[in-house]
Amino acid sequence: MRRIYLDHAATTPISPKVLEAMLPFYNELFGNPSSIHGFGREVAIHVDKAREKVAKAIGAASPQEIYFTSGGTEADNLAIFGVIEALQNKGKHIITSAIEHHAVLDTCEALEKKGFEVTKLPVDENGVIDLEVLKKSIKDDTILITLMHANNEVGTIQPIEEVVKIAKEKGVYVHTDSVQTLGSIPVNVQELGVDLLSISAHKIYGPKGVGALYVKKGTKLKSLVFGGGQERKIRPGTENVAGIIGFGEAAEIATLSLADNERISKLRDKLIEGLLKIEDVKLNGHPINRLPGNVNVSIEYIEGEALLLSLDMEGIAASSGSACTSGSLDPSHVLMSMGLSHQTAHGSLRLTLGKGTTEEDIDYCLKVIPEVVHRLRSMSPLGKN
Amino acid sequence: MRRIYLDHAATTPISPKVLEAMLPFYNELFGNPSSIHGFGREVAIHVDKAREKVAKAIGAASPQEIYFTSGGTEADNLAIFGVIEALQNKGKHIITSAIEHHAVLDTCEALEKKGFEVTKLPVDENGVIDLEVLKKSIKDDTILITLMHANNEVGTIQPIEEVVKIAKEKGVYVHTDSVQTLGSIPVNVQELGVDLLSISAHKIYGPKGVGALYVKKGTKLKSLVFGGGQERKIRPGTENVAGIIGFGEAAEIATLSLADNERISKLRDKLIEGLLKIEDVKLNGHPINRLPGNVNVSIEYIEGEALLLSLDMEGIAASSGSACTSGSLDPSHVLMSMGLSHQTAHGSLRLTLGKGTTEEDIDYCLKVIPEVVHRLRSMSPLGKN
Amino acid sequence: MYSEKVMDHFKNPRNVGELEKADGVGEVGNIKCGDIMRIYLQVEEGIIKDIKFRTFGCGAAIATSSAVTEMAKGKTLDEALKLTNQMVAEELGGLPPLKMHCSNLAADALKAAIEDYKKSNNL
Amino acid sequence: MYSEKVMDHFKNPRNVGELEKADGVGEVGNIKCGDIMRIYLQVEEGIIKDIKFRTFGCGAAIATSSAVTEMAKGKTLDEALKLTNQMVAEELGGLPPLKMHCSNLAADALKAAIEDYKKSNNL
Ligand SMILES: Cc1ncc(COP(=O)(O)O)c(C=O)c1O
Ligand SMILES: Cc1ncc(COP(=O)(O)O)c(C=O)c1O
Ligand code: FES
Ligand code: FES
C-alpha cells in the first residue's frame, strides 16, 4: 500500500546526512565532552562546532547564546521558568496567547497556580493576536512576553517583530517558540529582536530528544535543572552528544534548503484548494500568513479521530485537533480560541507537508479524502447525509 | 599509540547491539509515538517494549513505574523537585549526604535557598554514611531521603536497604541515585525497597542523553517540566525515541552481563595493588564495598590535572577530583568530605574499568603510571623529590 | 491502540444507517468528548427485529455502536436492556483505558432507543 | 583546551629543578586552586644568569612556570620585573578563560624570587 506521511508538524524523518554525521559519536567519538583526556576533548570540539552551526542557522551573534536542551518542550520551560526565577523580584506578570503550545501554556498555568499573573491574549478568527490588545496588557510588573512564532496546528505566523518593538519600549523580555518555523520560514534572532527563542531538532529532519534555547547575551536567566557544569550550568547533565551533532547538521541543512518551501507551499495551496471543493469544509488558520507546509481544515459532521483512522487505512498519516485524540475533554484549544464551535473543531484535519511530499501524494490525497469523508458522513447523524 | 580508556564512570562507548537496535528509529520508524496513525503507533509499541526492558532490568513491578528523562541529572532533579512539589505541605526537610553527585547536591542547595531545610549526612573516611546519624536526623517534617547507591568518584556503595528500613518506620520517601550501580552491581528496586531511583543509559553502554526515574506505584510526584501528555504528563516533550530504544537494549544487556564484573573487579584489585606500591599513594573509598570498576587513589605531591594530561600523552584516559579540573575553587567535595586535605584531594586519580578493559591494559598502566608520577614529582616543590 | 475486533467493526460497521419506520429512536451525546450516537429500532413481539445506528464520534464510538447493534439484534427488549458498556467493551476485546467512556455511548443509546419505543407504546 | 605552545612547555618544561646556591627564591601559592610554585634565581651583575622552577599544579601552571623562566633568563632584574601574567599567557598563545589565573602564579613567583634576591642583598 502507498504510505503518505503528512504529519511533518508532529515530527520528521531524519535526513540521511544528519544520521551520517551522528554515527561516529556513538562508538568512535564516544568520550564525555567534559573530560580532560583526548577522548573527551575531541568530542568537545565537535559539540562546539554544532553549537556554531545552530547559532548561525538562527543568526545568533555568538555560539555562546545557544543552550542545548532535550527538546522544544524543555527549551520553552527553561525560557519561562528561567526568566521568572531571575526576575521575580521585578514583577509577577507574564503575557502569552491563548493558542500557544502546551509547553508554554501549561508552564504559564503552573506559574499562575504559584501566584504569578498570566494574561492570555485572545486571537482573531485567523489565529492572530491583536497588537493593540498586547500594548494595553503590558503593566509595570510585566516581566515576560512569550508568543509563538507560528502555530503548530493552524500554521498562522505571528507578527513577532512588531511584538518586540512594543515590548522593547517597555523593557520587557520577549520569548518566542520557533519550533515550527525553523526550516520553514526565515528565523533570525537579530531581525526578530527577541531575547529568547526555542527550537527543536526533530521538526527539521534531525533527531528527537534535542532542542535549544537561544538566550541573547545579557539576558537574565536561571537554570531549571541543577547538576554539573554543562551548558555553562544553565542546563547541566551529560550532553546528548550524537543528538547535538545531528541538530547542528540539521540546522545547517534547514537554512540552506529554505528554498524548497516554495515548492511545498505550492503543493499546500493545491491541497487546500482541492479540499475546499468538498461541501462544508472550511480552512482554519490564516489564509496567507501561514506556514508553507500547513493545511488545516474543518470537515463538518464527522469526527477527527474516525477520519484519521480511516485515512490511515488508506495509507495517509495525518493529525487532528479532535477531543477524541486529546486525552482531555476538549478539542484543540487553538481552534476553540479561534472561535470554532466544539463540533466543528472536533472535525478538524491537519495535513502537514514536508521535504518528501510530492505532487502525486497530493493527488492521491485529493482522490482519497473526499471518498473517506463521504463514507464517514454517511454514518453520521449530523448534516444531510 | 596504544589508547586505553579508563574513564567508564564518566561515560561508556555504545555497545554495537545497542546501536543496531536504535538505527531503525531514525528513518524507517521515525513517527511520533503520540500520533494516532500507523507511523506513530508502531513506534509507540517499541517505546513500550523498551520501558518493559528497563523495568525488568531494575526489578520494577510494572513498566508504568518507569519515566524516561534526558539523563541521570534530570532523573535526580525530577525525583527531588517532584517529591518536594507534591509533599511541601507535609514538610520542608530533606536528608542527603555530603558526597552526592552535583545533580542531587546542587538541587538540594537550590531548595535550601528557597526555604527548605537540608541535612547533609557526613561520611566516614571510606565514604559511608552512619545509619545512627541518619536515624537521628529524621524529623517530623522530613519528606525525602536522597542517598546515592554508589559514589561516582570513589565507588563506595551505601547500605541503601538499611536506609530504607529506617525511613519506612518513619514513613519517609527514599530516593537513590543508581546511575553508577546499574550494570555494575545488582539493582533491584523491590529488594532495595526505594520509592524512587535514577538511572542513565550512557553509563551502561547506551546512548547519552537518556535516563529514567523509577517511581514506585502510589508515590506522590509532580512534574518538573510542563507540556504535552508524554510520560503520563510527568515528563512531557516528544520522546527521544532512538535513545529510549537504546536504553532498553542497554539495560537488558547490562543485567545479563553482570557476571563480567567479577573479571573486572579482579583487574581492579590488581591495579590497586600495583598503584599502592608507589610511595605515598593511598586508596580512596571503601576497601571492600566498592564498585567493581572503580580505582581511586591519592598520589601525594603532584596535582591531578597535570597527571591526567601526562597520562593522556601516554594514551591513558583517566579522571581526577583535582581543583584544577573542577572549574570551581575546590577539589572534589567527595574527597574533602572523606577527610582528605586539600592537597591530597588535589592529587587524586580515578581509573574506572569497563567491559573493554583487558589485563594488558592494566599491565600497561602499571608500567606507565609510576614513570609519570616520578617525572611529575621531580618537578614538584613538595615531597622529597 | 485498538484491538483487531475494534478495527474490524470500525472498518466494516454492521447496521449503519437509519430505519425509515423506526419503532424507537434513541440519541445520546457523550458529555466527555461531544460525540453523538443515534440508534433506530424495529421491534416485533418484544424482539428487536432490526436495528441501525448513526454515529458522530471516534473510532471506538463507531465500533461500539456497531457492536452493540449486533449484540442487540434478535434479543428481547428485556435482554437488550441488560447489555452494559462493560459487555460491549468485552465483546470488542477490550478498549484502551482512555476510551472506556466511549462504550457508555453505545449502551446508553440502545437504552434510550428502547425507552423511546416503550414510551411511545405506553409500556 | 590548551594551545600547542602550552602543551609543548608542559611536555618539555624548560628549567625544571632547583639551584643549590640560589641568590633568590620565591614561592607562591595560588589561593584559587591551591597550586604552588617555587622559583630559584642566580643573579650576576643585575642579570638573571640562571633560573629554575618547581611547580605543584595544573598543566597551565607547569607550562607558565616553564615559559616565565625562559622569558626571564638573561634579562636584567628590572626588565624581568616588568613581565606580567598577560605577557606569559600571550607567549603561550593564550590560555583558556578558566585557566587565566594560572599565569598569575608564574608572574608572582618570579616577582617573589626577585624580591627575595633584592632583600637579601639589601637592594
Ligand atoms: C510549537 C511547538 N512548541 C513546542 C513543541 C515541543 O517540542 P518537543 O517535541 O521537541 O518537545 C512543539 C512540538 O511538539 C511545537 O510544535
Ligand atoms: C552518580 C551520578 N549521578 C548522576 C549523574 C548524571 O547523569 P547524566 O550524566 O546522565 O546526567 C552521574 C553521571 O554523570 C553520576 O555518576
Ligand atoms: S466517543 Fe469520543 S472519544 Fe470515543
Ligand atoms: S594553577 Fe591551579 S588550575 Fe592552574
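Analyst: Happy to! A polar side-chain atom of Thr73(A) lies 2.6 Å from an oxygen atom of ligand 1, a polar contact being a pair of N or O atoms within 3.5 Å. Lys203(A) also places a polar side-chain atom 2.9 Å from a ligand 1 oxygen, and for His101(A) the corresponding distance to an oxygen atom of ligand 1 is 3.3 Å. The protein covers 94% of the 380 Å² of accessible area that ligand 1 has on its own (Shrake-Rupley method, 1.4 Å probe).

A word on the basis: this is a predicted model, where local features need pLDDT of at least 70, side-chain atom pairs count only at pLDDT 80 or more, and totals for chains, interfaces and linings use all residues. Side-chain values use heavy atoms, with hydrogens and water left out, while residues are numbered from 1 along each chain as its sequence is written, and chains are lettered from A and ligands numbered from 1 in the order in which they are written.

Now the shell. Around ligand 1 there are 15 residues, each with a heavy atom within 4 Å of the ligand; Thr73(A), Asp177(A), Ser200(A), Lys203(A) and Thr238(B) come nearest. Because residues from chains A and B surround ligand 1, the site is shared between chains. By type, the shell has two nonpolar, 10 polar and three charged residues (Asp, Glu, Lys and Arg count as charged; Ala, Val, Leu, Ile, Met, Phe, Trp, Tyr, Cys and Pro as nonpolar; the others, Gly among them, as polar). Helix α3 of chain A, residues 72-87, gives the most to this shell, with three residues (helices are DSSP runs of H or I, at least four residues, numbered from the N terminus).

Methods: Polar contact = N/O pair within 3.5 Å; in protein donor to acceptor, adjacent residues only side chain to side chain. Helix = DSSP H or I, 4+ residues; strand = E, 2+ residues; numbered from the N terminus.
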